[in-house]
Amino acid sequence: MSCSPEKPNFRSPLKGPPSPSWTDLWLKNKKALNHVLFTMHLQSRSQSSPSPHQLRKSLDFTLPSLVSDPTSLLSDETLLYILSKLPNSQRNSNSLVSTRWLYLQGRLVRSIKLLDWDFLVSGRVFIRFPNLIHVDLVNGSLISPGNSGIFCSHELLSSHVDSNSDPKDWFFKERFVLPSDEIDRGLRILASGCPNLRRLLVVNASELGLLGVAEECPTLQVLELHRCNDHVLRGIAACQNLQILRLIGNVDGFYKSTVTDIGLTILAQGCKRLVKLELSGCEGSYEGIKAIAQCCQMLEELILRDHRMEGCWLSALSFCESLKTLRFLSCKSIDQCGWFDEDVGSCPTLERLHLEKCQLRNKESLRTLFLLCQDVREVIFQNCWGLDNEMFSLASVLRRVKSLCLESCSLLTTEVLESVLLSWKEIQSLKVISCGNIKDSEISLALSTLFSALKDLQWRPDSKSLLSAGVVGTCMRKRGNKFFKKTCDWKSLPGA
């Protein structure tokens with residue numbers, strides 16, 4: 001019986017490792033297997049033998065194609081969300097990236113200030129900015145040479161003027177503003193293109209133009225009318241949801257229009273949801289203000305700028321049941337009435353009284369104003385002419401003042417300021433800036449003790465103030481004498 005010898009179970013050290021079999025390579029390289037199977041599948045589906053180009057294209061199915069604009073892979077909604085998170089300072093640069101970015105960036109714009117009237121009447125404004133809710137038409141309504149080097153500015157209006165014209169004709173007259181029919185045409189186009197309009201600024205509109213806006217834009221909440229009159233206010237009465245209204249009737253040197261008690265009464269009966277009202281250059285009297293106070297029961301803020309009200313109109317403010325803020329700006333007088341009524345009443349809800357750039361020369365009218373505002377919590381005087389010691393001493397009737405601001409009141413002295421402050425038992429905040437006759441050397445011990453108890457103190461009556469170096473910029477919430485000893489030299493204070 002013969003038997004075959006067994007093969008030795010060792011490998012010569014001179015030979016290399018055994019070469020792998022095709023089966024091992026086939027099973028281990030699954031990626032290559034899948035690639036071959038997919039290629040065979042493509043070839044089996046082909047009716048004819050593929051060309052080398054088609055075969056090469058089918059083999060490269062796993063390679064991503066190159067994209068020139070990666071953002072093109074994003075949907076409009078996703079890219080729009082990303083652009084909305086970028087700061088507004090990058091808006092112009094983002095619009096220059098591509099036509100698509102220009103369109104998407106236009107969808108994010110909600111407010112514009114129109115400078116070219118043709119941009120509105122041609123309808124291009126709605127293609128460029130389809131989601132507008134705030135539109136300012138004032139500058140676009142003015143006829144002015146854009147290439148002029150002279151620019152005339154007012155706190156309410158600004159425009160270029162012709163350098164070749166007579167200086168007397170620099171300011172606006174009939175020929176410097178678009179006619180009313182052209183303004184109304186633009187308002188109709190705007191109302192049809194922006195049904196969700198919420199804020200509108202317009203000049204020289206008529207009643208019909210505003211009626212069209214009121215019908216097409218039920219969500220209108222803020223309206224500013226330049227050069228308006230009593231007839232125009234009939235159109236405003238149709239704005240049922242109007243909450244903030246600014247009427248500019250008369251601007252010295254620019255244009256003249258009249259708003260009287262008739263217009264104020266029409267306004268009061270139509271716009272009963274007003275929360276804020278500003279009357280600039282408007283006429284009127286006790287009856288017009290009373291109608292607004294009684295009909296607009298939600299009115300919280302009333303601003304009077306350069307008003308032309310008749311005498312004794314102030315007492316009508318006592319009918320305001322919800323008024324919280326009363327502002328007088330650039331008024332030549334508060335009330336021309338020379339008599340004083342003890343039964344004038346008051347505004348129990350009033351919290352803030354603000355007078356800026358006003359002439360306070362009638363003592364009785366200022367006293368009447370303080371009686372109306374006797375429950376006020378915050379009082380501000382800024383650049384008011386005629387506010388001397390005698391006039392400011394009338395403020396002692398304001399018993400609930402917590403905050404006082406005096407800025408550029410050069411006629412006031414430290415003595416009168418101290419007497420008024422000591423009469424206010426609830427005072428917590430004081431700001432005195434650029435009041436030259438208020439001196440550190442005249443601060444008494446009682447006044448310095450009051451300073452140490454304040455929560456907030458800004459004391460800069462002049463550049464030589466001793467207290468400014470130790471008080472300004474520190475935390476005044478630390479009550480007590482310890483804090484004041486650390487910041488001020490008590491020996492320098494009189495009476496210490």
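Biologist: How do the residues lining the second largest pocket divide by class?

Modeller: Into three nonpolar, four polar and three charged. The model is predicted. V109, I112 and F129 are in that lining, and Val, Ile and Phe count as nonpolar. R91, K113 and R128 also line the pocket, and Arg and Lys count as charged. The lining also holds N92, S95, Q105 and S111, whose types fall among the others, so they are polar.

Biologist: Which elements give two or more residues to that pocket lining?

Modeller: α5 (91-95) and β1 (111-113). The volume of the second largest pocket is about 160 Å³.

Biologist: What makes α9 roughly parallel to α10?

Modeller: Helix α9 (residues 180-193) packs on helix α10 (residues 207-216) at about 5°. That angle makes α9 roughly parallel to α10, because angles under 35 degrees count as such. The two axes lie 8 Å apart.

Biologist: Which residues of α9 and α10 meet?

Modeller: D184, L187 and A191 of α9 meet G209, L210, G212, V213 and E216 of α10. By class, this contact has four nonpolar, two polar and two charged residues. G209 and G212 belong to α10's side, and Gly counts as polar.

Biologist: Why is the pair E182 and R185 called a salt bridge?

Modeller: Their side chains meet at 3.7 Å, N to O. The rule asks for a side-chain nitrogen of Lys or Arg within 4 Å of a carboxyl oxygen of Asp or Glu, so the pair qualifies. E182 and R185 both lie in helix α9, three residues apart, about one turn of the helix.

Biologist: How many salt bridges does the structure hold?

Modeller: Nine.

Biologist: How do you know that α12 is roughly parallel or antiparallel to α13?

Modeller: Compare the angle with the cut-off. Helix α12 (residues 261-270) and helix α13 (residues 286-295) cross at roughly 5°, and their axes come within 8 Å. That makes α12 roughly parallel to α13, because the limit is under 35 degrees.

Biologist: What does the contact of α12 with α13 have by class?

Modeller: Six nonpolar, two polar and two charged residues. D261, L264, T265, L267 and A268 come from α12. E287, G288, A291, I292 and C295 come from α13. D261 and E287 are in this contact, and Asp and Glu count as charged.

Biologist: How many cavities of 30 Å³ or more are there?

Modeller: Three. The second largest cavity has a volume of about 40 Å³.

Biologist: What classes make up the lining of the second largest cavity?

Modeller: Seven nonpolar residues, no polar and no charged. L277, L279, I289, I292, L302, L317 and C320 line the cavity.

Definitions and conventions
Residues numbered from 1 in each chain as written. Predicted model: local features only at pLDDT ≥ 70, side-chain atom pairs only at ≥ 80, totals over all residues. Heavy atoms only, no water. Axes fitted to C-alpha atoms, helices over the stretch in contact; angles between N-to-C directions. Helix = DSSP H or I, 4+ residues; strand = E, 2+ residues; numbered from the N terminus. Parallel < 35°, antiparallel > 145°, perpendicular 65-115°, else oblique. Contact = heavy atoms within 4.5 Å. 1 Å grid on protein atoms, 1.4 Å probe; cavity = no way out; pocket = protein on both sides within 12 Å on 5 of 7 lines; lining within 4 Å. Points joined across faces, edges and corners; volume = space filled by probe spheres on them.
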